[in-house]
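I opened the notebook to look up ring pairs, the core and a few contacts. The entries follow the order of my searches.

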Amino acid sequence: GRVNRGFRGGGFTTSAPTADLTKTGMFKPENLLSYELGFKSQWFDRRLRLNATGFYSDYSDLQETVFHASPALGAFSVAGNAESAEVWGMEFEGTAVPVRGVEATVGYSFVAPKYLKWLDQKFDAKGNPVYTGPKNDIAVQENVANQRSFTDTPHSQLMVGLTYTAPPTTAGTFSAHIDTYWQDRVTFITNNQTPGGQADEGWAYAVVNGRLQFAAIPLQKGSLDLAVFGRNLL
C-alpha cells in the first residue's frame, strides 16, 4: 500500500487575445492525493507470476489548457484549473512458463478519469466570451465538467506475448518472440464536445511485433548476438 501527495506551481496565460481572458487564464497550484494498493506473487516454483494493483487519484485545482475559437478573437488557448477531478484505475500483469523454453505474458490496464467540477469562462454559440454586470464587465462562468475529457488517456490497454527459447547449443541459442499490443481510443482535445474536437480523436488500434534472435554465438574473444525484429508487422 502507498499514499502519495504532490503539487505543481501556478501561473497565468500569456497568449490570451485580451487582457480579461489573461486574468481568467490565471491558474492556481495543482494538488494531488494518490492511493495505491496491490500485490506481487509467485507460484508453482516461480513458474507463474501474478501482480496487480489498484489506484485512486484525487486532484484539486488540476491545471488544464483549453482551446477556443471565435470569429472575433480567432483561435486561442486559455489555461485554468479544474476545481476537482478523480482517476480510478488498475493494472495487472502475469507471466507463465507452462513448459521448458516457453514463456507467456499478459498485461492489462484500465483507467477511468473524470472531471467533477470545472468552472470556466462561458462562451456563446459563436465562441465569444459572455459578460454581465452594469458595464458588461463581469465574466460569466459555468461548470463545464461534463463537457471536458482527459486527453491522451485510453481507458483500456492490453498486451499479450509469447516467447520460445530453444535449448542452448555450442553454436548459440535461438529464440523467437511475438506480441500484440492493443489500446482503446483517445481524445486529443480537452473540450472535445465541439465538432472539431470530436473529429480529432484517435481510433482504437492494435499492433503485432516480432523478434528472431540467435544469441551467445562464440567468438575468439567474447560472443555475438544476431537479431531481426519488426514493429507493426501487419
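I started with the rings. Tyr35, Tyr56 and Trp88 are linked into a cluster by ring pairs. I am working with a predicted model.

I then searched the whole structure for aromatic pairs and got five. I looked up the one between Tyr35 and Tyr56: it is stacked, with 6.2 Å centre to centre and 20° between the planes. Tyr35 lies in strand β2 (residues 30-43) and Tyr56 in strand β3, so this pair ties together parts that are 21 residues apart in sequence. Is Tyr35 buried, partly exposed or exposed? I noted partly exposed, because its relative accessibility is 37%.

Next entry: the core. I found 12 residues in the largest nonpolar core, among them Tyr59, Val87, Val111, Trp118 and Phe150. At least two residues of this core come from each of β3 (48-70), β4 (74-96) and β5 (102-117).

Setting aside neighbours within four places in sequence, I listed contacts of Val87 with residues including Phe55, Tyr56, Tyr59, Val111, Pro113 and Phe150. For Trp118, I looked above the ring. The charged end of Arg148 sits over it, 5.4 Å from the ring centre.

Last entry: Ser156. I placed Ser156 in strand β10 (residues 156-165). Why does Ser156 count as buried? Its relative accessibility is 11%, and the cut-off for buried is under 20%. Which residues is Ser156 in contact with, leaving aside its neighbours within four places in sequence? I wrote down Tyr108, Ser109, Phe110, Trp182, Gln183 and Asp184.

Definitions and conventions. Residues are numbered from 1 along each chain as its sequence is written. This is a predicted model: local features need pLDDT of at least 70, side-chain atom pairs count only at pLDDT 80 or more; totals for chains, interfaces and linings use all residues. Side-chain values use heavy atoms; hydrogens and water are left out. A nonpolar core is a set of buried Ala, Val, Leu, Ile, Met, Phe, Trp, Tyr and Cys residues joined through side-chain atoms within 4.5 Å. Buried means under 20% relative accessible area, exposed over 50%, partly exposed in between (1.4 Å probe, protein chains only). Helices (H or I, at least four residues) and strands (E, at least two) are DSSP runs, numbered from the N terminus. Contact means heavy atoms within 4.5 Å. Rings of Phe, Tyr and Trp (its six-membered ring) pair if their centres lie within 6.5 Å; planes under 30 degrees apart count as stacked, over 60 as edge-to-face and the rest as tilted. A charge sits over a ring if NZ of Lys or CZ of Arg is within 6 Å of the ring centre and within 35 degrees of the ring normal.
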